[in-house]
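Please walk through the following model with the sequence and the coordinates side by side.

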Amino acid sequence: GVQAQTVSTFYSAFENDITILGALNKIDMSKARVGSCKLEMSSMFDLDEDHILEISAKTGQNVEKLIPRIIEQLPPPQGNPDSEFVAILHDCQYLASSGSVILSVFVKEGTVNSKDSVHFLQSGKTFPIREMGVFLPGCSLQTACLLGKWDTLS
């Protein structure tokens, strides 16, 4: 069935007015309940069941159909790259080996550079950026996080 993290991610995207594309992963598993899971997703997320793509990231099945759908249905970034930096925090991970926190962010406005600091509205705290990069699927370091991109900060 639909996992708790999927529901949480959906509501986070919905609250931030992010376009939702339906994709059901792990259809290659022997216990996959494709029909009932699509029905559950359709009901929970108000998606047309016929528009929920059935994929397997493990085998690559139907993944080639997902990329064109992303290009066609997701709007381009609407922010201003010259505005103050604003990002949505998607995920974070603490690395005990370096004492760093790696943030996965989506840049909504502006640009941030590797020598900048970031301010967190929830805590009111500001932290310097040690490194930044993009997952390709491994992390590739870069010197700026630009509007409309998913990037990592640590």
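Is Cys92 buried, partly exposed or exposed? Cys92 is partly exposed, its relative accessible area being 46%; the classes are buried for under 20% relative accessible area, exposed for over 50% and partly exposed in between, with a 1.4 Å probe and protein chains only. Cys37, by contrast, is buried, at a relative accessible area of 9%. The count of disulfides is zero, where a disulfide is a pair of cysteine sulfur atoms within 2.5 Å.

The model is predicted, so local features need pLDDT of at least 70 and side-chain atom pairs count only at pLDDT 80 or more, while totals for chains, interfaces and linings use all residues. Residues are numbered from 1 along each chain as its sequence is written, and side-chain values use heavy atoms, with hydrogens and water left out.

The protein chain has three helices and 11 strands. These elements are DSSP runs numbered from the N terminus, helices being H or I with at least four residues and strands E with at least two. Read from the N terminus, their order is α-β-α-β-α-β-β-β-β-β-β-β-β-β. The C-alpha trace spans about 50 × 35 × 30 Å along its principal axes. Of the 154 residues, 28% count as buried. Contact means heavy atoms within 4.5 Å; among contacts between residues at least 6 apart in sequence, 51% join residues at least 24 apart.

A nonpolar core is a set of buried Ala, Val, Leu, Ile, Met, Phe, Trp, Tyr and Cys residues joined through side-chain atoms within 4.5 Å. The largest such core holds 10 residues, namely Val2, Val7, Phe10, Leu24, Ile27, Cys37, Met41, Phe45, Leu47 and Ile52. At least two residues of this core come from each of helix 1 (4–15) and helix 2 (34–45). Helix 2 gives the most, with three residues. Which residues does Leu24 contact, leaving aside its neighbours within four places in sequence? They are Val34, Cys37, Lys38, Met41, Ile52, Leu53, Glu54 and Ile55. There is also a second, separate core of six residues, among them Val107, Val118, Met132 and Cys145.

The second largest pocket contains about 440 Å³ of space. On a 1 Å grid over the protein atoms alone, a pocket is an open set of points with protein on both sides within 12 Å along at least five of seven lines, and lining residues have an atom within 4 Å of a point. Grid points are joined across faces, edges and corners, and the volume is the space filled by probe spheres set on the points. Its lining has 17 residues, with Phe85, Ala87, His119, Phe120 and Leu121 nearest the centre. Strand 3 (86–95), strand 4 (100–109) and strand 6 (117–119) are the elements that give two or more residues to this lining, and strand 3 has the largest share, four residues. The lining divides into 12 nonpolar, three polar and two charged residues; Ala, Val, Leu, Ile, Met, Phe, Trp, Tyr, Cys and Pro count as nonpolar, Asp, Glu, Lys and Arg as charged, and the others, Gly among them, as polar.

Leu103 lies in strand 4 and is buried at 11% relative accessibility. Its C-alpha atom is separated by 6.7 Å from that of Gln93, 10 residues apart along the chain.

Last come the backbone angles. Most residues other than glycine have a negative phi. Asp17, in the loop between helix 1 and strand 1 (23–24), has a positive phi near 55° and is exposed, with a relative accessible area of 70%. Lys26, in the loop between strand 1 and helix 2, has a positive phi of about 70°.

Definitions and conventions. On a 1 Å grid over the protein atoms alone, a cavity is a set of points where a 1.4 Å probe fits but cannot get out, and a pocket is an open set with protein on both sides within 12 Å along at least five of seven lines; lining residues have an atom within 4 Å of a point.
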